[in-house]
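Please keep the view open as you go through the points.

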Amino acid sequence: MGMCLPCLGGSVEDYDQPDPETRRQQQAEAAIKRQRDNESRGVKDAEGLKRKQQRKEEIEKKAEMQGGDNAMKWQVG
């Protein structure tokens with residue numbers, strides 16, 4: 001299966017295949033591009049969204065560092 005090239009008038013040797021390293025690099029680049037496209041799907045300003053998320057994470061980290069005792073405590077009674 002997949003070896004129908006000779007029946008089209010050519011041979012398998014006529015078609016140049018990239019070496020495995022080049023092919024791996026192309027696949028990695030394509031995967032990165034797909035990931036970037038999926039992250040920004042439906043978002044007008046993807047970079048702005050990332051900045052907001054980073055700011056939110058920084059604020060949460062500062063809150064954890066400053067006052068761990070201010071957290072809500074459960075009382076069972």
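Buried means under 20% relative accessible area, exposed means over 50%, and partly exposed lies in between (1.4 Å probe, protein chains only). By that scale E57 counts as partly exposed, at 46% relative accessibility. The model is a predicted one, where local features need pLDDT of at least 70, side-chain atom pairs count only at pLDDT 80 or more, and totals for chains, interfaces and linings use all residues. Residues are numbered from 1 along each chain as its sequence is written, and side-chain values use heavy atoms, with hydrogens and water left out.

**Overall picture**
- The chain has two helices and zero strands; these are DSSP runs, helices being H or I of at least four residues and strands E of at least two, numbered from the N terminus.
- Of the 77 residues in the chain, 3% are buried.

- Two salt bridges turn up in a search of the whole structure, each being a side-chain nitrogen of Lys or Arg within 4 Å of a carboxyl oxygen of Asp or Glu.
- E21 pairs with R24, with the closest N and O atoms 3.0 Å apart; both lie in helix α1 (residues 20-39), three residues apart.
- K33 and D37 form a salt bridge at 3.4 Å, N to O, and sit four residues apart in helix α1, about one turn of the helix.
- D37 is partly exposed, with a relative accessible area of 39%.

**Helix α2**
- E57 has its place in helix α2 (residues 46-66).
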